[in-house]
Each structure stands twice: as C-alpha cells, then as structure tokens.
Amino acid sequence: MLKMKNISKVYRTDVIETHALRELDLHVKEGEFVSVTGPSGSGKTTFLNITGLLETFSSGDYILDDVNISSLNDRQRSKIRNEKIGFIFQGFNLIPDLNLFDNVDVPLRYRGFGAKERKVRIEEALEKVGLLARMKHYPAQLSGGQQQRVAIARALAGKPRFLLADEPTGNLDSLMARQVMELLEKINEQGTTIIMVTHDPDLARRAQRNIQIIDGQVNDFSIYDGLASAVNA
C-alpha cells in the first residue's frame, strides 16, 4: 500500500523557487497497475523519484507499507528501496560489457545475496521474461525490446513489491512496446504493484487506473469494467 498526502516538492536557488509538486494526494492499493501521464515539466519524474525514494520531498506525508517515509534517515530509506522497489528505465541502463546473467546479478551482489541464491533468482527472472536461453548473450546482441526485458528481469530478481517504470516503452517501436506492456500486465497479475510513467495514451489506458499530473497536482482517471470516470484529487 502506498499513500501520499499533501506532498510538495520545491526546488530552491538563491533567486528562484520552482514548485515541482503541489500538495499531491495519491493512494495506490496493493496489486494495482497505475499509469501516470502528463505534459513535459508537469512533475511526473519528480513524483516517480519521490515514490522510489530516490528524492526527498519538501512537505507532506508518504506512507509505504505502513511506514512513514518522512521519519526515516538515508540508510533506512535505502534499505526499503533496495528490498521493496524495482526500477525500469527508458534507456535500459544495461552494462554493455556484461552478459545478461551478470547484468541481472549486479544489484543482487550489492544487496549481499550469496552465489547460490543469486543464481536461482537470476534464472527465474530471465525465464519470466523469456530470455533464459540467452543469458550468456551481451546487450548488443539483442533487440531493443529484448534489452528492456532484461532490464525488467533485473528488477524482478530483487522480488520487489513495487515496480516503478519510467517510460519503459519510450525507445521501442509499437510492436515491441505492446510486448513489453503485455509482460508488465502479466507481472501485475502475479501480484506486483506497478506504477508506470508513459507518454503513450493507448498504453496508459491498459492500466487499471490512469493518473494525470498537471502543474504538480493529480487528476485521477479510475478505470473499472471498461468505464472511465474522472475524479479531481
């Protein structure tokens, strides 16, 4: 469960204040698939960074799995981020001179898992994305869609409760984008909560709920049984 209440983020310099988020309210239930849309500069990236504990906020409350994030220090935030949150980025962020197995292995080594458990997690994750047979291949030997699936496997190997995807189909053609979206839907059906930032309205509509961020605030378009209703948050 994720709940934000009156979250604001202000960037300050000596001469100017920029309000990236303005008293943003949001509640995401366990197992939901939520898409986030909005124009460039609306606050989507700031929202995702705060959600993923990569960035602090200026005011408000953020509750993640019954833990008040605002009360935690950097070490405690890092621990929760590493244990509960997986990230998928538009640019894949794969290491070109490592094969697929080793790319997925990197964050697991950072978390201190033993070699045996890492191997099990890596092979399970690569199998889920359909690339186990290519685990000795290098990123340059794969298509863009396959590279994004490796990035998804890397996130899944940590067994996160929350998966945050920042324009995961932005560098892909329409066919590969649909394939990645189908994979994310399958992962969500297995119980992982997903929050996905996307510029593609067709992909956004496939999520259970679409949140639109404009000027640092939320419009919540809830989709159930094929019906959409707009509720100002």
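At 30% relative accessibility, Phe89 comes out as partly exposed (buried is under 20% relative accessible area, exposed is over 50%, and partly exposed is in between, with a 1.4 Å probe and protein chains only). The model is a predicted one, so local features need pLDDT of at least 70 and side-chain atom pairs count only at pLDDT 80 or more, while totals for chains, interfaces and linings use all residues. Residues are numbered from 1 along each chain as its sequence is written, and side-chain values use heavy atoms, with hydrogens and water left out.

Back to the rings. A search of the whole structure turns up 1 aromatic pair. It is stacked, because the ring centres of Phe87 and Phe89 are 6.0 Å apart and their planes are at 5°. For the record, rings of Phe, Tyr and Trp (its six-membered ring) pair if their centres lie within 6.5 Å; planes under 30 degrees apart count as stacked, over 60 as edge-to-face and the rest as tilted. Phe87 is buried, at a relative accessible area of 18%.

The charged end of Arg121 is over the ring of Phe113, 4.2 Å from its centre, and that of Lys136 is over the ring of Phe101, 5.0 Å from its centre. To qualify, NZ of Lys or CZ of Arg has to be within 6 Å of the ring centre and within 35 degrees of the ring normal.

Next come the helices. Helices (H or I, at least four residues) and strands (E, at least two) are DSSP runs, numbered from the N terminus. The axes of helix 5 (residues 144-156) and helix 6 (residues 174-189) come within 9 Å and cross at roughly 20°. Axes here are lines fitted to C-alpha atoms, for helices over the stretch in contact, and angles run from 0 to 180 degrees between N-to-C directions. Helix 5 and helix 6 are therefore roughly parallel (under 35 degrees; over 145 is roughly antiparallel, 65 to 115 roughly perpendicular and the rest oblique). The crossing of helix 5 and helix 6 is right-handed, a label used if the near helix is turned clockwise from the far one by less than a right angle, with anticlockwise giving left-handed. Among the residues of helix 5 that meet helix 6 are Gln148, Ile152 and Leu156, and the helix 6 side includes Met176, Val180 and Leu184.

Helix 5 also has helix 3 (residues 100-111) beside it: their axes come within 8 Å and cross at roughly 35°. Leu100, Asn103, Val104 and Pro107 of helix 3 make this contact with Val150, Ala153 and Arg154 of helix 5 (contact means heavy atoms within 4.5 Å).

Leu53 is buried at 2% relative accessibility, and Glu55 is buried at 15%. Leaving aside neighbours within four places in sequence, Leu53 is in contact with residues including Tyr62, Ile69 and Ile85, while the contacts of Glu55 include Lys9, Tyr11 and Asn49.

Finally, a word on backbone angles. Most residues other than glycine have a negative phi. Glu23, in strand 2 (residues 17-28), has a positive phi near 45°, and Glu23 is exposed at 55%. Phe92, in the loop between strand 6 (85-89) and helix 3, has a positive phi near 70°, but Phe92 is buried at 10% relative accessibility.
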